[in-house]
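Work through the exercises below with the sequence and the structure at hand. Each task is followed by a solution in steps.

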Amino acid sequence: MFQEKILFLKKGIIDYAEHVEKMVSKSIEGSINRNEYLLHEVIDKDETVANKYEMEFDEISVDYIARYQPVTKNLRIIISAIKMSNDLERMADHAVNISQNGLFIIAHPFIKPFVDIPKMSELTMNMLKDSIRAFVNEDICLAKDVLKKDEEIDNLKVRVVEEVSEFMQKDGKTVQRGLKLINIASNLERIADLATNICEDAIYLSDGEVIKHKNFYKNQ
């Protein structure tokens with residue numbers, strides 16, 4: 001019976017993550033394609049759904065702990081799931097931030113073509129998808145592969161900051177737009193960081209090892 005509850009919990013994580021993925025995708029697509037409707041949808045509708053996911057998920061997890069009093073690995077699954085729910089809610093907040101910055105950007109001429117930000121978005125969403133798969137399937141190898149990609153996201157963010165800063169230095173009129181672009185890149189970087197949190201939880205779930213604040217995986 002309890003294993004069925006665990007499967008239900010994992011299914012909930014997948015559904016929640018898919019919703020957040022769509023929020024991130026729409027926030028970037030709306031910003032690049034000047035689609036105000038998509039950006040408002042993320043802000044006005046999708047965030048409410050994400051918040052509902054988090055509240056329901058946390059209620060279910062707490063209920064499982066109280067009712068079944070799980071131990072060892074089963075307890076780790078529920079604790080990890082609660083932490084993941086919080087991470088996903090924060091990702092949803094970042095998608096909203098991207099959309100809010102996007103609304104400003106699309107109301108003005110672009111200061112530069114979108115090149116690195118779409119790359120960051122694609123890599124970030126792949127990291128999120130793989131982190132969820134690593135958790136659900138208890139795949140340590142996949143989790144560690146995702147952790148290694150975090151540095152690539154950091155490098156893309158640095159490149160965005162450097163390129164946009166050059167535009168702002170040459171033309172003071174681009175400063176506000178430039179800062180919005182940097183904010184979008186920063187929010188994508190934070191989403192990627194949260195995906196690595198999920199991978200750390202996946203590793204903890206599988207073998208009970210806590211690797212938070214360790215950097216060994218970057219050297220493997």
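**Exercise 1. Charges over rings**

Find which ring the charged end of Lys180 sits over, and give the distance from the ring centre.

Solution. In this predicted model, the ring is that of Phe104, and the charged end of Lys180 lies 5.2 Å from its centre. To count, the charge has to be within 6 Å of the ring centre and within 35 degrees of the ring normal. Arg76 gives another case: its charged end sits over the ring of Tyr204, 5.8 Å from the centre.

**Exercise 2. An aromatic pair**

Solution. 
- Step 1. There are four aromatic pairs in the structure. The ring centres of Tyr64 and Tyr68 are 6.0 Å apart and their planes stand at 75 degrees. Centres within 6.5 Å make a pair, and planes over 60 degrees apart count as edge-to-face, so this pair is edge-to-face.
- Step 2. Check accessibility. Tyr64 is buried because its relative accessibility is 5%, under the 20% limit. Tyr68, at 27%, is partly exposed.
- Step 3. Together with Phe2, Tyr64 and Tyr68 form one aromatic cluster.

**Exercise 3. The setting of Met84**

Decide whether Met84 is buried or exposed, and list what it is in contact with beyond its sequence neighbours.

Solution. 
- Step 1. Met84 is found in helix H3. Its relative accessible area is 0%, so Met84 is buried.
- Step 2. Leaving out neighbours within four places in sequence, the contacts of Met84 are Ile13, Ile132, Phe135, Ile198 and Asp201.
- Step 3. For scale along the chain, Met84 and Thr72 are twelve residues apart in sequence, with their C-alpha atoms 18 Å apart.

**Exercise 4. Salt bridges**

Describe the salt bridges Arg67 with Asp63, Lys83 with Asp201, and Asp130 with Lys149, giving the place and accessibility of the partners.

Solution. 
- Step 1. The total count is 14 salt bridges.
- Step 2. Arg67 and Asp63 meet at 3.1 Å, N to O. They are four residues apart in helix H2, so about one helical turn separates them. Arg67 is exposed at 52% relative accessible area, and Asp63 is partly exposed at 30%.
- Step 3. In the salt bridge of Lys83 with Asp201, the closest N and O atoms are 2.9 Å apart. Lys83 lies in helix H3 and Asp201 in helix H7, so the pair ties together parts 118 residues apart in sequence. Lys83 is partly exposed at 42%, while Asp201 is buried at 4%.
- Step 4. Asp130 and Lys149 meet at 3.8 Å, N to O. This pair links distant parts of the chain, with Asp130 in helix H4 and Lys149 in the loop between H5 and H6, 19 residues apart. Asp130 is buried at 14%, and Lys149 is partly exposed at 28%.

**Exercise 5. Positive phi**

Where is Glu138 placed, and what is its phi?

Solution. Glu138 is in the loop between H4 and H5. Its phi is positive, about 55 degrees, although Glu138 is not a glycine. At 25% relative accessibility, Glu138 is partly exposed. Arg34 also has a positive phi of about 55 degrees without being a glycine. Arg34 lies in the loop between H1 and H2 and is partly exposed at 39%.

How values were computed
Residues are numbered from 1 along each chain as its sequence is written. This is a predicted model: local features need pLDDT of at least 70, side-chain atom pairs count only at pLDDT 80 or more; totals for chains, interfaces and linings use all residues. Side-chain values use heavy atoms; hydrogens and water are left out. Rings of Phe, Tyr and Trp (its six-membered ring) pair if their centres lie within 6.5 Å; planes under 30 degrees apart count as stacked, over 60 as edge-to-face and the rest as tilted. Buried means under 20% relative accessible area, exposed over 50%, partly exposed in between (1.4 Å probe, protein chains only). Helices (H or I, at least four residues) and strands (E, at least two) are DSSP runs, numbered from the N terminus. Contact means heavy atoms within 4.5 Å. A salt bridge is a side-chain nitrogen of Lys or Arg within 4 Å of a carboxyl oxygen of Asp or Glu.
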